[in-house]
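Student: I have a model open and want to go through it with you. Can you take my questions as they come?

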Amino acid sequence: MSETPEYTPPTVWTWSKDNGGRFANINRPISGATHEKALPVGRHPLQLYSLATPNGVKVTVMLEELLALGHAGAEYDAWLIRISEGDQFGSGFVGVNPNSKIPALMDYGGPAPIRIFESGAILLYLAEKFGAFLPTDTATRAECLSWLFWQMGSAPYLGGGFGHFYAYAPMKIEYAIDRFAMEVKRQLDVLDRRLADHDYLAGSDYSIADIAVWPWYGGMARGLLYDAGEFLQVQDYVHLQRWTDRIAQRPAVRRGRMVNRVMGEPASQLHERHDAGDFLTRTQDKLEAAD
Ligand SMILES: N[C@@H](CCC(=O)N[C@@H](CS)C(=O)NCC(=O)O)C(=O)O
């Protein structure tokens with residue numbers, strides 16, 4: 001194992017603002033708002049405040065899937081929250097999500113507004129509200145929720161663990177990369193074995209479990225996360241690859257990936273979505289051409 005500088009933790013940890021990490025400008029040891037800023041509200045009952053990271057994409061895919069099924073009540077406004085600029089610490093956003101992380105959803109459709117934060121809770125809320133993508137028989141529903149909560153518990157090791165130390169930490173720490181690479185490969189194997197004899201995670205039907213897992217583990221399977229496809233030999237997980245490709249082809253998934261996206265081809269970026277027609281008229285290539 002390679003040498004890393006010795007570090008003896010002091011008795012009491014103190015915050016050093018310039019710790020040099022990739023997210024030093026937004027990371028703080030306290031919660032709450034840093035500035036007053038109201039959130040915009042559009043014309044639909046569902047107001048989403050998000051960014052097209054894997055956690056954000058789960059919700060825009062779900063909303064596009066609901067619309068594709070014919071649930072007109074799932075029409076939504078999606079507002080861009082630029083987390084690298086600290087939008088998640090505005091007072092309005094903190095009012096929707098006290099945890100200051102995207103995605104966050106407001107539902108103005110009932111007698112009183114309802115806030116929902118945590119992507120898994122948002123998927124479950126929408127699935128129950130519209131009666132879709134959540135199996136109704138007890139056993140399959142339990143399987144679906146098990147994989148949904150598996151994702152919520154597992155992805156932090158993929159993103160905050162492996163991704164952070166492999167791609168973002170200011171120094172390469174062999175111990176940390178080894179530990180999390182092993183865990184991520186174990187997780188990929190868990191999925192691969194499940195998908196060896198099931199079309200989808202909950203069984204034979206596509207569900208919120210797939211919608212939650214695909215942006216993280218499908219992204220990893222396609223080598224899109226942390227440029228780590230070769231390092232983790234993701235092509236070896238053949239059942240995961242089959243499932244990933246199949247879901248990637250869904251039109252709602254293609255649309256959902258574009259919403260609140262600020263990277264990649266301008267034609268793939270729809271910074272804000274207020275209407276189904278925005279996919280045709282308001283992607284960045286179109287807006288830039290009109291300028
Ligand atoms: N468990 C949360 C995680 C959300 C999360 O980590 N969001 C990240 C982007 S993927 C974020 O908003 N980070 C901003 C920050 O940490 O300040 C969920 O699934 O909704």
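Predicted model: local features only at pLDDT ≥ 70, side-chain atom pairs only at ≥ 80, totals over all residues.

Student: Which backbone nitrogen does the side chain of aspartate 192 reach?
Tutor: The backbone nitrogen of histidine 239, at 2.9 Å. That is a polar contact, meaning a pair of N or O atoms within 3.5 Å; within protein, one must be able to donate a hydrogen and the other to accept it, and residues adjacent in sequence count only if both atoms are side-chain atoms.

Student: How far is the nearest side chain of opposite charge from aspartate 192?
Tutor: 6.9 Å, and it belongs to arginine 193. Aspartate 192 is buried yet has no salt bridge. Buried means under 20% relative accessible area, exposed over 50%, partly exposed in between (1.4 Å probe, protein chains only). For charge, Lys and Arg count as positive and Asp and Glu as negative; His and the chain ends are not counted.

Student: How many salt bridges does a search of the whole structure find?
Tutor: It finds 11. A salt bridge is a side-chain nitrogen of Lys or Arg within 4 Å of a carboxyl oxygen of Asp or Glu.

Student: Which side chain meets aspartate 107 in a salt bridge?
Tutor: Lysine 129, at 2.8 Å, N to O. This pair links distant parts of the chain, with aspartate 107 in strand 3 and lysine 129 in helix 3 (residues 119-130), 22 residues apart.

Student: Is aspartate 107 buried or exposed?
Tutor: Buried, with a relative accessible area of 2%. Lysine 129 is partly exposed, at 38%.

Student: What about arginine 194, which residue does it form a salt bridge with?
Tutor: Glutamate 143, with the closest N and O atoms 3.5 Å apart. That pair also links distant parts of the chain: arginine 194 is in helix 5 and glutamate 143 in helix 4 (residues 138-168), 51 residues apart. Arginine 194 is buried at 15% relative accessible area, while glutamate 143 counts as partly exposed at 27%.

Student: Which residue pairs with arginine 186?
Tutor: Glutamate 183, in a salt bridge with the closest N and O atoms 2.9 Å apart. Both lie in helix 5, 3 residues apart, about one turn of the helix. An α-helix has 3.6 residues a turn, so residues three or four places apart point the same way.

Student: OK, the ligand. How many residues surround it?
Tutor: 14, and the closest are Gln88, Lys101, Ile102, Glu118 and Ser119. A residue counts as near if one of its heavy atoms lies within 4 Å.

Student: Which polar atoms come up there?
Tutor: A polar side-chain atom of serine 119 lies 2.6 Å from an oxygen atom of the ligand. For glutamate 118, a polar side-chain atom lies 2.7 Å from a nitrogen atom of the ligand. A polar backbone atom of isoleucine 102 is 2.8 Å from a ligand oxygen atom.

Student: How much of the ligand's accessible area does the protein cover?
Tutor: 80% of the 520 Å² that the ligand has on its own. Accessible areas come from the Shrake-Rupley method with a 1.4 Å probe; for residues, only the protein chains shown count as cover.

Student: What kind of peptide bond joins isoleucine 102 and proline 103?
Tutor: A cis one, with omega about 0°. Proline 103 sits in the loop between helix 2 (91-96) and strand 3 (104-107).

Student: What is the phi of serine 100?
Tutor: About 55°, positive although serine 100 is not a glycine. Serine 100 is in the loop between helix 2 and strand 3, and it is buried, at 8% relative accessible area.

Technical notes:
Residues numbered from 1 in each chain as written. Heavy atoms only, no water. Helix = DSSP H or I, 4+ residues; strand = E, 2+ residues; numbered from the N terminus.
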